[in-house]
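Colleague: I would like to learn how to read the main features of a model like this one. Could you take me through them in turn?

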Amino acid sequence: MIRNIVLGLSALMLAACGGGAGGGGSTFSGRVNPEDIRAAAAATLDVVCQEVDGTSTIKCDKNEEQLMGSFTKVRIQVAEDSDGSLYATIVSVQQGRMERTKVAAFVKRFGFSEEDFIAVIERGQRITKGDFYMLDNGDYMSIYPS
């Protein structure tokens, strides 16, 4: 019985914190802090990401060892605003190396639907939703601020 209560409370806490399948969380808008995207990628795509370190590109992949490669699963390019705050300029996902449902859940954080994701990767469309647009760049599908 205690085990069932603990499991029930764990599921409730996970749901309340936006966790669980699909990574949960609110939809991004405006200039997005790279730490928020890094956390969403780690939670939704099951990747390990480098720490945010100034305006360098953040790489994410299956494990620490693969972060050293030049073709990582996720890349988050970072810029600095005039007030010194950091924001993401491009988020690139090598969707061919990842589970489609996980990538679809990740792009939902930017306001895109699974249908938008499919239109981009299968039909080569450029889709704009809210503050972002998404397009296919060959090996990577990328999200840019609009």
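The dialogue below goes from the overall fold to the core, the disulfide and one serine.

Modeller: Please keep in mind that this is a predicted model, in which local features need pLDDT of at least 70 and side-chain atom pairs count only at pLDDT 80 or more, while totals for chains, interfaces and linings use all residues. Residues are numbered from 1 along each chain as its sequence is written, and side-chain values use heavy atoms, with hydrogens and water left out.

Colleague: How many helices and strands does the chain have?

Modeller: Helices (H or I, at least four residues) and strands (E, at least two) are DSSP runs numbered from the N terminus. Here the chain has four helices and seven strands, and the elements follow the order α-α-β-β-β-β-α-α-β-β-β from the N terminus on.

Colleague: Which residues of the largest nonpolar core touch the most other members?

Modeller: A nonpolar core is a set of buried Ala, Val, Leu, Ile, Met, Phe, Trp, Tyr and Cys residues joined through side-chain atoms within 4.5 Å, where buried means under 20% relative accessible area, exposed over 50% and partly exposed in between (1.4 Å probe, protein chains only). In this model the largest such core has 32 residues, and Ile37, Phe106, Phe110, Met141 and Ile143 touch the most other members. Among the elements that each supply at least two residues of this core are helix 2 (34-45), strand 4 (86-93), helix 3 (100-108) and strand 7 (140-145). Met141 touches, among others, Val91, Val103, Phe117, Ile121 and Leu135, not counting residues up to four places away in sequence; contact means heavy atoms within 4.5 Å.

Colleague: Which cysteines does the disulfide join?

Modeller: A disulfide is a covalent bond between the sulfur atoms of two cysteines, and the criterion is a pair of cysteine sulfur atoms within 2.5 Å. The structure holds one disulfide, which joins Cys49 to Cys60 with an S to S distance of 2.1 Å. Cys49 lies in strand 1 (residues 48-49) and Cys60 in strand 2, so the pair ties together parts that are 11 residues apart in sequence. The torsion about the S-S bond of Cys49 and Cys60 is about 110°, so this disulfide is right-handed.

Colleague: Are these two cysteines, Cys49 and Cys60, buried or exposed?

Modeller: Cys49 is buried, at 10% relative accessible area, and Cys60 is buried as well, at 0%.

Colleague: With which side chain does the side chain of Ser92 make a polar contact?

Modeller: A polar contact is a pair of N or O atoms within 3.5 Å; within protein, one must be able to donate a hydrogen and the other to accept it, and residues adjacent in sequence count only if both atoms are side-chain atoms. Ser92, found in strand 4, is buried with a relative accessible area of 11%, and its side chain makes such a contact with the side chain of Ser142 (3.0 Å).
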